[in-house]
Each structure stands twice: as C-alpha cells, then as structure tokens.
Amino acid sequence: MKLGSHVSMSGKGLLSAAQEAYAYDANTFMIYTGAPQNTRRKKIEDLFIQEGKDFMKEKGIADIIVHAPYIINLASAKPATLKLAVDFLQTEIERTEAIGSNHIILHPGSHVGSGEEEGIRKIIKGLNEIIYKDQKVKITLELMAGKGTEINYDFNHTAKIIDGIKHNDKISVCFDTCHVHDAGYDIVNDFDGVLETFDKTVGLDWIEVYHINGSLNPRGAKKDRHANIGADENNPKGKDQIGFDALHNIVHHEAVKGKPCILETPWLDKKTNLYKEEIAMLRKKK
C-alpha cells in the first residue's frame, strides 16, 4: 500500500518534505513546488533535490506526486488567463521532472460562464499546446466535485478531454474520494459500481493516483469540503459523510493496490493535522 499525505516544501525543499512524510509513517507524499495561490517559486537548484532523494531511498519512500497550483485555469475564456495557465504549467512540468516525479496533478479548470463544452474545448486546446511527445511527466487530471463552473466532475468530461489530446499517453487521472462523492457518485455503498462506470466511460487504467479524503457534505452536494477520515460530530472540522469503512475499503481495494493514495484532510488548527493517525487507521487490516 502506498499511503501518504500532502507535505510542505518550506525550508529545505524536497528534503524537508520527505522528512515530514517520514514523520507521518508515510511511504509516498504530495507537494506543491511553491504556494498554490501564486507563481513565485524558488530556483530548482535551491530545492535540495538530491538530499531529498537520498533520504527517500534510505527510508523507503517513493512516488512523489506534485500538485499544480490552483491559479492555473485552462478552461478560461480570457486570453491572458489562458496564456498564464499554459506558460506556468509548462514551467511546473519542468520542475516536476527535475524533482523526480512522474505526475503533476491538475484541476482542469472552470469555464466561468462560457459553458461546459466550451470549457472542455479550451482545456483540450491548452493541453495540446503544452504536452510534447517526449515528455516524461504525466499531467494527471483530477476528478472534481462540480463546485461552481468546474469541469471534470462528470466522467464523460474526462473521456472527452482524453480523447481530444494528441499525446494522451502523457495523461492520467487522479480519483479524489471527496470530489467524486460530492459530484454524486456512490463510493460509500457501491465503489465497485463507480469503478465499473468509470471503466466503461473512460477506462480504469487511466487512474494512477488517489486522493483519500472524507467529505462534510451529502452525496451530490457539489461543494468540495474535505473532512477528516471517519470523523464524528465531535470533530472541530465536522463529521465525515463518507465514513471510515468506505475509505478503508477503497485504499485496500484490488484496483487501488500499488497506486499512491494521498490524504488532503483538514488541519485541526495551524499546527495540528491528523495525517499520522489517519495513515495508521487506514493501513490497518480489519
């Protein structure tokens, strides 16, 4: 089982991130190469990459996942926003490759009023500008909750985007449990059925990363509010509507075996997360 969480690159870059992951008893992890809300980034040579890789090798940690910043919106109808998205994603792919990751997770974008079909068309156009034949990093399209005008909350969106990409061997998919639940798919009572639907619509082999999160919302709410794993009403961040049993079933499922599973559950305050406890809970066999 490859189980970890989002960790920070602050301080000594990849080395600090790997050390934080090890403190949670994780054997994989996810990072942003800088703040997800802006384009400010340290130089690649200042990221302690070799030191981080050496630490990971020593501790048995593998499969770093990079997450692209939220400011990238390939579905935008605004030329300036689209140009920023294309240009910055290209530089993030270079940083991802330098770090040694094979996956950069991408929120495909929000159409902001132009409509889903136009948004999908823009995403395809942008990705075809970015992706090149010999690219080593896969752009990993995250399944979304459908909040606002988000694209990719429907498996049919995913299929259309992949079908439109020239070099779609450089594409994969990230299955986020909170997002898929909030989008309306019943992962609590019928995870096998959801996987079957995805397989028929897109193809199961496209899923290469999982985000493991509870949800504060009932199925189909399209709100995207993460919850701690199996949290009850006494949790300060709220009750998990997916539940521990369903999420435990997912991380132990045959289709998920060997694929990085990353927690993005809420911090209880600025200094306290439950990553170590949640990783231990999920790793235990029933």
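Student: Why does phenylalanine 155 count as buried?

Tutor: In this predicted model, phenylalanine 155 has 2% relative accessibility. Buried means under 20%, so phenylalanine 155 counts as buried.

Student: And what makes phenylalanine 198 buried?

Tutor: Try the cut-off again: buried is under 20% relative accessible area. Phenylalanine 198 has 0%, so phenylalanine 198 is buried.

Student: OK, on to ring pairs. How many aromatic pairs does a search of the whole structure find?

Tutor: The search turns up 8 aromatic pairs.

Student: Why is the pair of phenylalanine 155 and phenylalanine 198 called edge-to-face?

Tutor: Two checks here. Ring centres have to lie within 6.5 Å to pair, and these are 5.0 Å apart. Planes over 60 degrees apart count as edge-to-face; these planes are at 80°, so edge-to-face it is.

Student: Which parts does that pair tie together?

Tutor: Phenylalanine 155 sits in helix 5 (residues 155-164) and phenylalanine 198 in helix 7 (residues 191-201), so the pair ties together parts 43 residues apart in sequence.

Student: Why is the pair of phenylalanine 175 and tyrosine 210 called tilted?

Tutor: Their centres are 5.4 Å apart, with planes at 40°. Under 30 degrees would be stacked and over 60 edge-to-face, so this pair is tilted. Phenylalanine 175 belongs to strand 6 (residues 171-176) and tyrosine 210 to strand 7 (residues 207-212), 35 residues apart.

Student: How do you know whether tyrosine 210 is buried or exposed?

Tutor: Tyrosine 210 has 0% relative accessibility, so tyrosine 210 counts as buried. Phenylalanine 175 is buried too, at a relative accessible area of 0%.

Notes:
Residues numbered from 1 in each chain as written. Predicted model: local features only at pLDDT ≥ 70, side-chain atom pairs only at ≥ 80, totals over all residues. Heavy atoms only, no water. Phe/Tyr/Trp six-rings, centres within 6.5 Å; stacked < 30°, edge-to-face > 60°. Helix = DSSP H or I, 4+ residues; strand = E, 2+ residues; numbered from the N terminus. Buried < 20%, exposed > 50% of the residue type's maximum accessible area, 1.4 Å probe, protein only.
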